[in-house]
Amino acid sequence: MLPQKQAEEAIVSSFNETENEEKEDQTVLSVKSFLWHGGSVYDAWFSCASNQVAQVLLTLPYSFSQLGMLSGVLFQVFYGLMGSWTAYLISVLYVEYRSRKEKENVSFKNHVIQWFEVLDGLLGPYWKAIGLAFNCTFLLFGSVIQLIACASNIYYINDRLDKRTWTYIFGACCATTVFIPSFHNYRIWSFLGLGMTTYTAWYMTIAALVHGQVDGVSHSAPTKLVLYFTGATNILYTFGGHAVTVEIMHAMWKPQKFKYIYLLATLYVFTLTLPSASAVYWAFGDQLLNHSNAFSLLPKNGFRDAAVILMLIHQFITFGFACTPLYFVWEKVIGIHDTKSICVRAFARLPVVIPIWFLAIIFPFFGPINSAVGALLVTFTVYIIPSMAHMLTYRKASARQNAVEKPPFFLPSWTGMYVVNSFIVIWVLVVGFGFGGWASVTNFVKQVDTFGLFAKCYQCAKPPPTPPPH
């Protein structure tokens with residue numbers, strides 16, 4: 001326990017040194033500090049819970065229509081706990097990396113540690129390249145998905161513009177996230193974002209129950225393997241939102257306290273995802289197979305419009321969450337990451353938004369794109385790579401003996417940790433990447449064949465035919 005305590009003290013003292021100047025300035029503007037600058041355990045919890053479930057909340061009923069009620073519930077619980085475990089592994093590796101660097105007197109003032117740097121410090125440049133490639137690609141498409149979701153949702157309030165046009169508009173709006181410096185500054189946004197998803201989830205639950213089952217409702221899932229594994233992979237994507245774990249930890253005043261925050265956030269998210277997905281699937285059944293966005297089936301009224309507006313705001317926040325690590329990487333590439341000027345950094349970040357905007361216009365397939373990203377990117381980024389990195393970091397007896405973080409109290413054995421990590425690697429590689437990749441790509445290609453690239457209005461209702469002239 002002595003090495004762990006010493007490492008924690010080193011981390012805390014170093015982090016305090018880098019924060020002292022900021023805290024002195026914040027005493028002058030306490031309101032600004034309260035709203036703008038967060039780094040507590042509660043801030044981290046709000047960030048994790050708010051970021052974990054956003055637009056995917058609206059696609060989970062669609063996944064239930066592919067999986068069936070029982071499989072949908074079981075996969076949510078299973079992947080939620082698995083995601084919490086790999087988030088725990090990432091936090092352990094972050095603390096290990098930072099403690100080693102603190103002993104070498106490395107300063108992280110004006111520098112945000114990222115996941116690829118942790119892999120580089122612990123395992124070398126090849127792992128850095130792998131982590132950088134998967135993490136950046138996942139966050140890129142994660143941002144694309146938020147932009148697609150904005151256009152999909154606003155269409156249910158105002159259909160005078162097609163979804164592609166709405167994508168242009170919201171791309172410009174989301175570009176303003178370049179002015180948010182770091183995850184320290186998401187305090188009020190995380191709090192509001194979680195409130196928005198909570199309202200939307202319980203609106204979906206209550207609205208579906210009040211509406212009741214549609215006439216002739218059927219719940220035939222599961223019927224096809226391709227649909228079954230597509231739905232399962234969307235849930236894998238749902239609980240694989242911890243590609244920004246390291247950045248959230250680095251924003252904490254005491255990052256060593258992060259260990260179980262993601263699990264607590266996941267337990268809260270269960271109270272949102274399980275009731276809403278189950279209720280909407282119960283009410284509409286197989287109709288959801290052709291309606292990947294739950295808003296398209298729920299009755300149009302003021303409560304639904306409020307949920308749409310709140311989700312739009314939340315997707316703006318989540319876009320910032322996904323893009324901020326990409327902004328950091330780009331800043332480091334062009335050499336301005338240490339710059340304190342917000343305007344300079346904001347201007348330099350703009351090129352990151354352009355490819356996201358373009359990809360959202362090319363692939364507007366809300367729902368199927370979630371599963372494809374989950375199978376091809378989330379599987380490696382947040383499940384396989386952290387599990388393998390943990391096993392390789394502590395493969396030697398000396399590394400295990402000097403480890404900053406020992407095995408957790410509920411699994412107090414290195415052998416047990418290796419068994420769990422090996423199971424995750426094999427399961428996700430076979431079921432998530434293998435079967436899930438086959439099913440998701442097959443479904444994605446089907447959407448391309450049906451609607452085409454650059455689809456003007458994906459899954460929009462066809463206008464009524466024009467009556468012939470008399």
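The chain contains 17 helices and zero strands, where helices (H or I, at least four residues) and strands (E, at least two) are DSSP runs numbered from the N terminus. This is a predicted model, in which local features need pLDDT of at least 70 and side-chain atom pairs count only at pLDDT 80 or more, while totals for chains, interfaces and linings use all residues. Residues are numbered from 1 along each chain as its sequence is written, and side-chain values use heavy atoms, with hydrogens and water left out.

Of the 470 residues in the chain, 58% are buried; buried means under 20% relative accessible area, exposed over 50%, and partly exposed in between (1.4 Å probe, protein chains only). Among contacts (heavy atoms within 4.5 Å) between residues at least 6 apart in sequence, 86% join residues at least 24 apart.

The buried residues of helix 14 include Arg345, Arg349, Val352 and Ile356, and their cover includes helix 7 (125-154), helix 8 (163-174) and helix 13 (302-334).

Serine 143 lies in helix 7. This serine is buried, with a relative accessible area of 0%. Neighbours within four places in sequence aside, serine 143 is in contact with Phe319, Ala322, Cys323, Leu326 and Ile356.

Charged side chains also join helix 14 to its surroundings. Glutamate 331 forms a salt bridge with arginine 345, the closest N and O atoms being 3.1 Å apart; a salt bridge is a side-chain nitrogen of Lys or Arg within 4 Å of a carboxyl oxygen of Asp or Glu. Because glutamate 331 lies in helix 13 and arginine 345 in helix 14, the pair ties together parts that are 14 residues apart in sequence. Both glutamate 331 and arginine 345 are buried, and a network of salt bridges links Glu331, Arg345 and Arg349.

A further salt bridge joins glutamate 102 to arginine 98, with the closest N and O atoms 3.1 Å apart. Both residues lie in helix 5 (residues 69-103), four residues apart, about one turn of the helix, and both glutamate 102 and arginine 98 are buried.
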